[in-house]
Amino acid sequence: MNVDFLVQALHRGDARSVARAITLVEEGDAGGTAILEQLDRERIEQALLIGVTGPPGAGKSTLCAQMIGQLRDRDLRVGIVAIDPSSPLSGGAILGDRVRMMRHALDPGVAVRSMATRGRLGGLCSAAGAAVRIMAASGCRVVLLETVGVGQSEMDIVALADITIMVLAPGFGDEIQAMKAGILEVADLLVINKADQPGAQRLRLDMAAALRDPGDRQQRILETVASEGRGVTELLDRIFLLEEALRDGGALERRRRRSRELETLDQALELLREPLRQRIRDRNEKTRDPRELAREIVERMVIMPAQAARNDDEHGS
Amino acid sequence: MAAKDPRLRDWEEKELAASLARFPERRQHFTCPGGREVERLALPDEIDERYCEDLGFPGRYPFTRGVQPTMYRGRLWTMRQYAGFSTARASNERYRYLLDQGQTGLSIAFDLPTQIGYDSDDPMALGEVGKVGVAIDTLADMEILFDRIPLDKISTSMTINSPAMVLLAMYVAVAEKQGVAADRLRGTIQNDALKEYVARGTYIFPPRPSLRLITDIFRWCADHMPRFNTISISGYHIREAGSTASQEVAFTLANGITYVQAALDAGLSLDTFARRLAFFFNAHSNLLEEVAKFRAARRLWARIMKERFGATDPASMMLRFHAQTAGSTLTAQQVDNNIVRVTIQALAAVLGGTQSLHTNSRDEALSLPTEESVRTALRTQQIIAHESGVADTVDPLAGSWFIEQLTDAIEAEARELIRQVDEAGGVIACIENGFISSQIEEASYRYQQEVEQGERIIVGVNAFQVEEEATVPVLKIDPAVEDEQVQRLRQLKAQRDREQVAAALRDVEQAARSGTNLMEPVLAAVRCYCSLGEICGVLRQVFGEYRD
Amino acid sequence: MDKRYRVLIGKPGLDGHDRGAKFIARALRDAGFEVIYTGIRRTVDEIAAAAIQEDVAAVGLSSMSGAHMRLFPAVVEALARAGGADIPVLGGGIIPDEDIPALKNAGITAIFTPGTPIDTIIEAFRAACRTHLGQQAR
């Protein structure tokens, strides 16, 4: 695999190269790291990453497909990364969101990638951030990151995305109760999809009750009927206005810095997982308390070498 | 002898007497081979309240024991073999052959481009023209299809859903040319768009405009085609997609509820259209469960119509149905075994009180059926009708503890599923949020896993296999059929009056936008040879297209 | 660690009978594959484009309407046009035995007819993926 060639082709927007690059990263191939190093930083800087989450059946895929259509009408290249959970039993997955993206399959201005969580807790897979950067470097002005919102994953997506939208639909009232504390507060925009259906009114009331500040309600709640494309233009307009505000005020840069830190931490922990497992196995301790043992292993593995290195630096060698 | 139960006497004097006057029974006496007289209707020793409530008498609410008082003693079910392939000319020959063989109704199979509203020359039609049914592009094809078949003498069932209005209009226009008025036409259009979204997949428009087309048809037919069944609400394909028997009943009746509600919302009165609703179920191999299923469906629908919609006319509460044996149970291995499977399934449909029946052919797991295997399939029905004796008495399995318990259980399970659908916002919401398809998918996967693991035995497939050479002659559609059909269509399009065609299509568009009944403008359009694809194209523009 | 095989299950043409395709998709998932399912009624170009974008190691097709002789080879050609000539294509459905040689000649790696045990199908996908990724590595 010629990395330089692949990077050139993906910067031209070549679909197969984008796809190959994501696979290499996902598989933990050394080539993947080399590719990520060479990506066009400026494009990544300019791209907007929109996280889309919400309970199953709320219409996320349909809404994403509509957003893609309208972004294409605005002549923007778009990427979408759709994440589905891996089966905990077999490790396999059915990646079904593709179905609703098929109408864009033949459009070279749309990059689609379905990914499985591959055992990572939360709703994201560890390569999601890298996949998004590859798409951005291939010229996508907007990348949508879609995941089923169950538990922790919503917080993950908020941490990774520039702007997060939470999609809800009538008939999911109980979920809102459960989510009130977390996601409603941190999602940038709350979308009531299927707003023409019975039950939408109740959902509106529930949401309004959750957001006490009237200005907040005005700003953050939108309504769509994704199956008919209604409300999608307004949603995109709102998103771009928000993007502008976030960029101008420096908030976007802060969000990205935090996201980079988190991804680095995440990846570092991921890299440590195997060596740690090995050491724990090697120690074969039967009597020590697990917490105490963990502290000791980490100290020897990470903290002591770091101190030693610092000492070396100080003393010069 | 004890005095006759007054309710029984009442039934005899009303429903039974009226029925005997209209349809005398097929024979003076029905007897077993030894000469023993066969009773018309076997009853419990004592007719109590519970019996009347749950079973009652045939031809009377809740219709558990059948929709006619004498059932097949009066008239056998309609033997209706679904057929159609390649061109209109070839299908016409098959229909006339089947009618010669004693078949009593036609059932038209259309190819997939026709079912999805594409002309044969559309790029989407590539490879599919004439494959699973006949290709119909314009009225010209329809004229050939019914050539020398008198439409006032036969009843015709058309398996057409999303573009049902266009094909119905073509049928009316052909009849006009034969000098047969629409009010003399008998038959059925499937016209059940809702199940296409969860099984079978020949949808075109989103659910709501599809419902509007359907209610437009209800209204037009109520005025012009009083003897035609305007819809065949179909569980068949839901079952073929892998559902359980109870799911088949539940999702079919839930769709029925949606159509009734849509028609009421469009301002139709219940009794003008409800009597023209027909149903279509699958006849699977599990004989006793299937018999119970048909009986449960009949009773549940009657109760829904009465309790939920306040129907008063018994005809509005009657679930009349067509049945077809289960294509998905046929095996490519040891194909002759399929004749036995079909026999059991057909028997289930008859014991369950079907109004018409299609029996699948032995070779359908391999390809379209040959003429010979279609004949065997028809003979299977004829043997059940004339030799088995099951048609000589009404609802013969009633009163079996097993059958009655199973009937109750299926009704209860279906009721519960319908409740869940209602609670989640109705059928359209459940199509959109995937509830119905995921239920079916779960059941299908479970069943298939049981087969794969050998927990369920499929003779010849996972047990009792033999080495066999592929020697079964199969019917193949010549790829040239597609090219010929495209050629004919192009010729016809070149010869039409362009102005007239354009104007007719404009009228269709206008009616689609304005909300006036679409049937008249569509009828005018087919009369001047606008093609199916052109008419559906206009409707696609106005209504949009559904994608799952 | 084993590589996760990614495969695409597609339904070309107009046929909406997807019971078989969905069963295969789920069975492959339960065998550890990542399966991209396209849904019904896809054009051959849509299937090819999806296979490329998803970087799958094999494509499985299902057709029950008798249109396989036109549609399966058309997918192979569409894949080649889209730059994925190396991606193996497997097919299944109501396919008469006599059609199998012609389909294999047209580049279909394996054909499954009604009654093929699921384990045979899974093994064929695994073999196709292994071969494909092996070639890619070289």
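Two residues are taken to be in contact if their C-beta atoms, placed from the backbone, lie within 7 Å. On that criterion, 9 residues from chain A and 9 residues from chain B make up the contact between these chains. The chain A side of it has 3 nonpolar, 5 polar and 1 charged residues. Here Ala, Val, Leu, Ile, Met, Phe, Trp, Tyr, Cys and Pro count as nonpolar, Asp, Glu, Lys and Arg as charged, and the others, Gly among them, as polar.

The structure is a predicted model, in which local features need pLDDT of at least 70, side-chain atom pairs count only at pLDDT 80 or more, and totals for chains, interfaces and linings use all residues. Residues are numbered from 1 along each chain as its sequence is written, and chains are lettered from A and ligands numbered from 1 in the order in which they are written. The predictor gives the complex an ipTM of 0.93 and a pTM of 0.90. Chain C has a mean pLDDT (the predictor's confidence in each residue, from 0 to 100) of 93. In chain C, 97% of the residues reach 70 or more.

Chain A is divided into domain 1 (1–38), domain 2 (40–249) and domain 3 (261–315). Domain bounds come from an automatic or database domain assignment. The C-alpha centres of domain 1 and domain 2 of chain A are separated by 25 Å. Contact between them involves 11 residues of domain 1 and 13 residues of domain 2. On the domain 1 side, the elements giving two or more residues are α1 (3–11) and α2 (15–26) of chain A. Helices (H or I, at least four residues) and strands (E, at least two) are DSSP runs, numbered from the N terminus. α2(A) gives the most, with 7 residues. By class, this side of domain 1 of chain A divides into 8 nonpolar, 2 polar and 1 charged.

Chain B has domain 1 (71–452) and domain 2 (481–543). Their C-alpha centres lie 27 Å apart. In chain B, 33 residues of domain 1 are in contact with 24 residues of domain 2. α5 (139–145), α6 (164–178) and α8 (207–224) of chain B each give two or more residues to the domain 1 side. That side has 20 nonpolar, 7 polar and 6 charged residues.

A residue is buried if 20 or more other C-beta atoms lie within 10 Å of its own, exposed if 12 or fewer, and partly exposed in between, with C-beta atoms placed from the backbone. Domain 1 and domain 2 of chain B each provide at least three residues. V522(B) touches M165(B), V166(B), A169(B), V508(B) and I535(B), not counting residues up to four places away in sequence.

In chain C, 27 residues are in contact with 26 residues of chain A. α1, β2 (34–37) and α2 (44–53) of chain C each supply at least two residues of the chain C side. α2(C) gives the most, with 6 residues. This side of chain C has 10 nonpolar, 6 polar and 11 charged residues. In α1(C), 11 of the 12 residues are buried, so this helix is largely enclosed by the rest of the structure. Just after α1(C), G32(C) takes a positive phi of about 95 degrees.
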